[in-house]
Amino acid sequence: MSAHDHHHGPAKGLSRWLYTTNHKDIGSMYLWFSFAMFLLGGTFALVIRAELFQPGLQFVEPNFFNQMTTMHGLVMVFGAVMPAFVGLANWMIPLMIGAPDMALPRMNNWSFWILPFAFAMLVSTLFMEGGGPNFGWTFYAPLSTTYAPASVTFFIFAVHIMGASSIMGSINVIATILNMRAPGMTLMKMPLFVWTWLITAYLLIAVMPVLAGVVTMMLFDIHFGTSFFSAAGGGDPVLFQHLFWFFGHPEVYIMILPAFGIVSAIIPTFARKRLFGYDSMVYATASIAFLSFIVWAHHMFTVGMPLAGQLFFMYATMLIAVPTGVKVFNWVATMFRGAMTFETPMLFAIAFVVLFTLGGFTGVMLAITPADFQYHDTYFVVAHFHYVLVPGAVFSLMAAAYYWLPKWTGYMYDETLGKLHFWLSFIGVNLLFFPQHFLGLAGMPRRIPDYALQFANFNWISSVGGFLFGFSQLILLFVVIKCIKGGKKATAQVWEGAQGLEWTVPSPAPYHTFETPPDPSLIKAQ
Amino acid sequence: MASESSHSVYYVPEQSKFPFFASIGLFLTVFGLGNILNDIAAGSPVMGSTGIALTGFTILSVILFNWFATVIRENHAGLNNDQLKRSYVWGMGWFIFSEVMFFAAFFGALFYVRQLAVPWIGGEGAKGITGDVLWPEFQAAWPLLVNPDPTLFTNPHDGLNVKEWTPGFFAGYLPFWNTVILITSSVTLHYAHVALKAENRKRLIQWMVVTVSLGLIFLGLQALEYIEAYGHYGITLNSGIYGSTFFLLTGFHGFHVTLGTFMLIVMLLRCIKGHFKPDDHFGFEATAWYWHFVDVVWVGLFIFVYCL
Amino acid sequence: MLSKAKLWLSLALGTLIFWSAGLHAAWDLNMPRGVTQMSRDTYDLHMTIFWWCVAIGVVVFGAMLWSIINHRKSKGVQPATFHESTKVEIVWTLIPFLILIAMAIPATRVLTAAYDTTESELDIQIIGYQWRWEYRYMRESMDEEEVSFFSVLSTSREEINNDVEKGENYLLEVDRPLVIPTNTKVRFLMTSADVIHAWWVPDFAIKKDTIPGFINETWVIVEEPGIYRGQCAELCGMDHGFMPIEVHALERADYDAWYAQQQENVRQIQQLAGSAITMQDAMAQGEQIYNRNCVACHQAGGVGMPPVFPAIAGSAKATGDVAVTMETLVHGVPGTAMAAYGRQLNPIELASIITYVRNAYGNSTGDLVQPADVNAYIQEGQ
Ligand code: HEA
Ligand code: HEA
Ligand code: CUA
Ligand SMILES: [Cu+2]
């Protein structure tokens, strides 16, 4: 029966999107969803930046400010960056490994559709009595339990179902990669994006359940009288932090490993030279993933852990610089003696390497425990993680979008606008986050709606940068819509130097691809 | 045409309404639950919220039932090739791994409070100054019978934990019998599997009945154990960290046993209906893995929660 | 074409920065060096790692830039074909590793020193509250008067709401600073009464979380007399940004005099609490206390922010039975943000604020509560 329908195109109308099992449709939905969340989370950020433009309280109440900070962090991390990578995984992994679709297509759609509901519930808390979550995206107990607004219950359930979505998504990715590779696609021939996603999915399955566990403990502390996070009953608020960061630290690598994969695809293409050190890239990724499980307490250097613990977590954290360094050096070596051109994806990729490394350096500084006593919970940390997340993770997503847009839509995007988007973003992001290093070092704590006068200058610059960066993103929206509508026809190959199976199918990629496995001779070492 | 020989082609299902409506069901379930909890906290009636939660749960259950039924039907129709079956195997395997990590969080919490937090509050170890300054009265002990602040968390009654580890003691020790029961059920399930592979349907059904019964007995005993804990020992969710860790660990385990038993019952019914072939019974195997996993978790619980 | 755009942008930016430089003076780029051995060690460590990172950055970004300039297709270059070299890869795994060891050694030394809390000459307990600090000087013997007080932001709401010019120490000033002696090893025992806060003074390089139910220790030897400021550094709810820290370090002799004076004050209050206050005094002092302690939640004019923060004006608890008002103030409302003020305010202050809420904002019960009544109420509870 259904075997005949296989060669049909997509269904018509809304049902195509609601009921689809097609990895490309689901990938597109993830990408659009995440972009919407990016604008929403960005809007929250702009509320923050507007309030911080000048000392004094101008626009929002302190309590609402805290809700903005919290929602901004949550929406960006769980709503924008993670789903965007899942969207790319959906679109590209089957194309890259020569599979007809994801391994479990219906579950794939379920993973996606949980998300809009989860976020609807999360964002609706802002309108509830007592306000939305106001305890930071790290929701430390007991601020998030005994002292939380009633809406915390919905926050907890939103995290639960979001976690379920992530776990199902990751199971799908792993099953696809391990089981659906075309004949000849050995593990060590897989594109690095596939490798990094395999490892990311593993991280997700390992840590999302721990997050589910910790929010469950919160739920019981709040509603059923348990004492996990209360010393009066023998518990400990710091226990919350250990559990949270056991999830939270791997989580930040979940947001960067796929980015590494993307950059490892783009740089060789535009340098017209094979990626340097493929094997070491794979091993480095695995090492980072392994280390990410034993460094969590570097977020907790000031909670008063015993000395031995402090030392252990300091050393382990510092070690991560080694495999990450290997990756950075490999990218540079790939560019070295290549024949480079600088289309928009390459610009974003190069900016990624530079600015991510900068964020990595501040990461190593934070890892030095006594120095972290000064940096912790200041804007220095805010600067660190935005450098790895915005010109890190988000730039890699932009690079990916430009790189694969022609494959998705069948048309070339507008290169001039792309470059404009890049330069405005590049300038904006640095104006926005570079001064935050100074603010932090000079002593400005994070999560405050108002500050002392000596912080006024750099905050002012940062806010200007924030608005510049934020509004520049509307260019991307415009470019994408324009590209979908039409333009110069894209060839199958699209980019002169591009390697890999996704470039062997026509542009736009047909609704169903690789229903029969590709010719093994097409599969080359990366 | 390729579509004619679809057996060797990976089966990509057509559009499906299940996922979207399952999302709605899931959403209504948790949204309703959240409202119930907040209503209780605010002292308002919970009728409306319960309605939402039940509607959601019903939708979710009906859909999952049909979803699984569809998968089974597709398999019977021969649409699933070996590769797709491997996908299911990977899927189930990694799902169980995620469950392992969920329990790891609670075990981690248990180890943390026992090894670090409670001793510190009791004035021992690297941060023993906590006890000296803030809780001078409090003595660290496990099980925790006297809470640091008994006005906030009611102390359990005395008389807990007189474990002597003699044969006589074991004879009357519920958790010990529960361990025996659960391990036995894993063995009987294994024999059912053997019988299935040997195409001995009658044996299969007999062993399955035994396994399901053991599961149910376990749950019954666990209920007794809870009644005992609440009534006799005064160990409650509200009685401090001992009760908190005890009930969440054993409670989530019990919840998994319930689910596992339910799955076993479904498998039993399918066996009776004549489903499964010696070389094609992944639904059965997945259930079996799940059951063994639940068993292993129990052994961990028995050692770390009950014995040590 | 592009470079022209960049030129314009940098010109515009340059102008903006110059212009804003006139507005505010501070352009601090780096961490303060501080006034303790600890803070100087930390600063040096910070600079060491910083320069290492700069050096690595110069090499890595230099190599990149060089490739970008010289190995671009528009120059007609042919791409090379090499794609691995075990030797090179081992080198660039080892070198960072060695650099890290070079960083870890001084870091370990500084950290170990920071953990040495033994042999302190003065112990002070620091307790975080939403949103104020309590400082309790640990007594040598129980016979001494206990010196302990709360320290609250003293910047006015008008400054925060931009109604008046902001003062020099905007948001960094308190009503009663912590006072410590110089050149003395002072040990801090930190805890919290509600949520987690963090006590941070950059000039001491001390930042430590205050965890409810647990004690964290740290220590300081301040060498220079002076005023040092800091802030709460852990998100602790609504007014997290408004609970600063101010420390006055005094020469030993000055400190001793100050401490003796504090003890004297305690004795005086104990005596005064026996005598009566007038309605006028009570209302005046009550207003002060209200503006300092209560206005954040119950707002100017006592209108509150319902539903979370009830209004004082017309409140049943403020206009009904005196005992209920007294209970609300002395014990707080457990499980809500309404804290217990029984320990935070002395009996005279309590009597004033209770009188105040019962007679201000249109509440006109007309009764005057005396310190003795408060004392009696507190005693009764025990
Ligand atoms: C994508 C996300 C991402 C990434 C990749 C990283 C990467 C790193 N992070 Fe970051 N981090 C965050 C996201 C991320 N972080 C977030 C979100 C927070 C704050 C959470 C919160 O509190 O809200 C945080 C906070 C944070 C802290 C806690 C700070 C505090 O609260 O006090 C620390 C401390 O150790 C830290 C360390 C590191 C380190 C060592 C790395 C390393 O992986 C970096 C490694 C990279 C390099 C070092 C550069 C390249 C290497 C070379 C060129 C080789 C040679 C270099 C040397 C020898 C130095 N991070
Ligand atoms: C991937 C994650 C991610 C990303 C992309 C960003 C992006 C940005 N972030 Fe941040 N941020 C976090 C993760 C992220 N952030 C986290 C985890 C925290 C910690 C939270 C916590 O402390 O709990 C944080 C905290 C944080 C703070 C500190 C808040 C505080 O401590 O109180 C600040 C302050 O400047 C900030 C600013 C910004 C800005 C200006 C952007 C910009 O890049 C945003 C760009 C703006 C847009 C994209 C908006 C575009 C929208 C429009 C132009 C409007 C159009 C509207 C419609 C069409 C409807 N973020
Ligand atoms: Cu107290 Cu932040
Ligand atoms: Cu981390």
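Me: Which residues coordinate the copper ion (ligand 4)?

Reply: Donors are N, O and S atoms within 2.8 Å of the metal (3.2 Å for Na, K and Ca); water is not among the atoms, so sites may look incomplete. In this predicted model, local features need pLDDT of at least 70 and side-chain atom pairs count only at pLDDT 80 or more, while totals for chains, interfaces and linings use all residues. Residues are numbered from 1 along each chain as its sequence is written, chains are lettered from A and ligands numbered from 1 in the order in which they are written, and side-chain values use heavy atoms, with hydrogens and water left out. Here the copper ion (ligand 4) is held by His249(A) through ND1, and by His298(A) and His299(A) through NE2, at 1.8 to 2.1 Å.

Me: Where in the chain do His249(A) and His298(A) sit?

Reply: Helices are DSSP runs of H or I with at least four residues, numbered from the N terminus. The donors have the spacing H-x48-H-H. His249(A) belongs to helix α8 (residues 237–254) of chain A, and His298(A) to the loop between α10 (278–292) and α11 (307–319), 49 residues apart.

Me: Are His249(A) and His298(A) buried or exposed?

Reply: Buried means under 20% relative accessible area, exposed over 50%, and partly exposed in between (1.4 Å probe, protein chains only). Both His249(A) and His298(A) are buried.

Me: How far apart are the copper ion (ligand 4) and the iron atom of ligand 1?

Reply: The two are 4.5 Å apart.

Definitions and conventions. Helices (H or I, at least four residues) and strands (E, at least two) are DSSP runs, numbered from the N terminus.
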